[in-house]
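This report goes through a protein model part by part. Please look at the sequence and the structure first, then read on.

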Amino acid sequence: MKQSIAVWMMALVASCAPVQPVDTTTRAAVSASTPTLQGFADRSPVRVTRSNGQMAQDFLDLTFRMESGRAIATMSRFETPITVRVIGDMPATLPSDLDALLARLRKEAGIDIRPTQSDSASITIQAIPQRTLQRAVPKAACFVVPRVRDWSEYMQNRSSRNVDWATLTTREHASIFVPSDAAPQEIRDCLHEELAQALGPLNDLYRLPDSVFNDDNIHAVLTGFDMLMLRTTYAPELRSGMTRQQVAAALPSVLARLNPAGGSERPTNDPDTSRDWINAMETALTNGASPGVRRDSAARAVRIARTLGWTGPREGFSYYAMGRLEVGNNSQAAIVAFETADRIYRASAATQIHAAHIAVQKAAFTLSAGDAITTIELADLAIPLAREHQNAALLATLMMFKAEALDLQGGSVAAEALRLDSLPWARYGFGNDNNVRARLAEVRGLRPF
């Protein structure tokens with residue numbers, strides 16, 4: 001889950017290990033008028049750009065390991081047409097967001113998936129209060145489990161092997177639990193990630209720059225890569241019960257058919273993410289440790305990434321975490337870390353949305369310094385990316401920053417018009433009007449007076 005966006009101290013997002021004794025796939029924890037957003041295109045925000053050889057390796061690592069690193073012996077999927085029902089205290093925006101997602105899954109992933117009202121649905125989505133959900137799985141905004149049809153059945157089985165994904169051969173039923181009282185965007189993001197994992201890959205990989213199957217939670221909705229992974233999962237050449245070796249043998253021809261532009265290059269030598277780095281990041285990103293311990297953990301993650309010679313999303317995320325944790329402690333160190341993360345992210349077309357997240361952090365410093373021109377430049381570069389990647393919270397925040405910068409320049413009329421334009425996005429991204437007003441006040445509070 002993406003946590004609420006504070007403005008000058010934007011909370012980082014990362015999945016946290018669940019506390020129950022079996023692996024559970026989760027989205028980590030991060031209303032008044034909530035409009036349907038017509039400005040978001042109904043398609044993948046990111047194209048597939050890597051070679052088929054690399055994506056075959058990614059598919060194997062996503063499919064045959066849990067988030068904890070535990071191996072999965074055989075592939076599992078639904079082998080019949082898939083039906084989805086929604087129960088519980090349904091938020092107003094959930095039906096339209098779910099309909100749009102199901103349409104994309106049919107069109108882009110080729111999956112036969114339809115809504116139903118039957119209690120025999122393949123997948124149940126149940127909306128329950130966030131407090132109830134997090135009592136069961138702390139720090140998870142939402143999660144998905146197999147073999148249960150609703151919350152009460154999950155609570156009866158949550159400590160048993162019945163809800164252990166690694167014990168499946170074929171998927172027949174699963175339940176997704178989402179918060180009924182979160183911001184609309186948070187609920188939509190949960191639908192995308194958890195429905196994708198109910199259907200296909202169960203793992204997350206920090207090395208992926210273009211996927212929701214990444215614990216950095218940078219991507220809000222399913223990407224072209226994610227849709228290709230799901231289309232591959234349901235390719236007729238594959239079936240439930242196949243071993244990793246059997247799937248690996250079939251993948252080259254499957255991907256050549258599904259993604260002919262991917263060529264036949266062998267995968268690059270992109271090593272697994274070390275458990276030491278993951279542990280350091282989890283400590284840095286959770287609230288259980290002291291601020292000093294968290295800063296030390298972020299610095300350790302940076303050292304590990306540099307020692308292992310990583311580039312791209314893992315190295316950038318290490319510096320992002322360091323910068324966030326230095327805000328309020330050592331401003332100069334925070335700025336250097338954000339600049340380093342920004343440089344890493346901007347080096348690749350696949351991580352431009354990552355750089356847009358950094359723009360919020362940098363804009364907080366430039367606005368505080370009274371530098372209206374740079375604040376506007378940062379916002380103007382990042383706003384199209386936030387819109388393209390369907391992140392309303394990020395989009396609204398950037399618009400708020402630009403409005404304050406315009407005010408600093410004396411453009412009060414243009415600033416007020418931009419604030420008004422940001423409100424529908426902010427209500428979708430942050431929830432009720434009180435939350436929106438709080439975000440506006442936080443941004444305005446950064447201005448030098």
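## Aromatic pairs

Across the whole structure, a search finds 12 aromatic pairs. Rings of Phe, Tyr and Trp (its six-membered ring) count as a pair if their centres lie within 6.5 Å; planes under 30 degrees apart are called stacked, over 60 edge-to-face, and the rest tilted. One of the pairs is edge-to-face and consists of Phe317 and Tyr320, with 6.3 Å from centre to centre and 75° between the planes. Both residues belong to helix H10 (residues 313-326), where they are three residues apart, about one turn of the helix. Helices (H or I, at least four residues) and strands (E, at least two) are DSSP runs, numbered from the N terminus. Phe317 is buried, as is Tyr320; buried means under 20% relative accessible area, exposed means over 50%, and partly exposed is in between (1.4 Å probe, protein chains only).

Tyr320 also pairs edge-to-face with Phe338, at 6.4 Å centre to centre and with 65° between the planes. Tyr320 is in helix H10 and Phe338 in helix H11 (residues 331-346), so this pair ties together parts that are 18 residues apart in sequence. Tyr320 and Phe338 are both buried. Ring pairs link Tyr206, Trp277, Trp310, Phe317, Tyr320, Phe338 and Phe365 into a cluster.

## How the model was read

This is a predicted model, in which local features need pLDDT of at least 70 and side-chain atom pairs count only at pLDDT 80 or more, while totals for chains, interfaces and linings use all residues. Residues are numbered from 1 along each chain as its sequence is written, and side-chain values use heavy atoms, with hydrogens and water left out.

## Charges over rings

Two arginines are described here. Arg314 lies over the face of Trp310, at 4.1 Å from the ring centre. The charged end of Arg439 sits over the ring of Phe430, 4.9 Å from its centre. A charge counts as sitting over a ring if NZ of Lys or CZ of Arg is within 6 Å of the ring centre and within 35 degrees of the ring normal.

## Nonpolar cores

A nonpolar core is a set of buried Ala, Val, Leu, Ile, Met, Phe, Trp, Tyr and Cys residues joined through side-chain atoms within 4.5 Å. The largest one has 66 residues, and those with the most contacts inside it are Trp277, Phe317, Tyr320, Leu398 and Phe401. Helix H14 provides the largest share of this core, 12 residues. A second, separate core has 58 residues, including Leu60, Met75, Phe78 and Leu208.

## Helix H14

Helix H14 covers residues 392-408, and at 1.5 Å a residue its 17 residues should span 24 Å; the end C-alpha atoms are 24 Å apart, which agrees. The expected span is 1.5 Å times one less than the number of residues. Of the 17 residues in H14, 15 are buried, so the helix is mostly covered.

Asn391 caps the N-terminal end of H14, with a side-chain oxygen 3.4 Å from the backbone nitrogen of Ala393. A polar contact is a pair of N or O atoms within 3.5 Å; within protein, one must be able to donate a hydrogen and the other to accept it, and residues adjacent in sequence count only if both atoms are side-chain atoms. Just after H14, Gly410 takes a positive phi of about 90°.

## The disulfide

How many disulfides does the structure hold? There is one, and it joins Cys142 to Cys190, with 2.1 Å from S to S. A disulfide is counted when two cysteine sulfur atoms are within 2.5 Å. The torsion about the S-S bond of Cys142 and Cys190 is about -90°, so the disulfide is left-handed. Cys142 lies in strand E5 (residues 140-146) and Cys190 in helix H5 (residues 184-199), so the pair ties together parts that are 48 residues apart in sequence. Both Cys142 and Cys190 are buried.

## Loop residues with positive phi

Arg147 has a positive phi of about 65° although it is not a glycine. Arg147 sits in the loop between E5 and helix H4 (151-157) and is partly exposed, with a relative accessible area of 33%.

Asn217 is not a glycine either, and its phi is positive, near 55°. Asn217 is in the loop between H5 and helix H6 (224-233) and is buried, with a relative accessible area of 2%.
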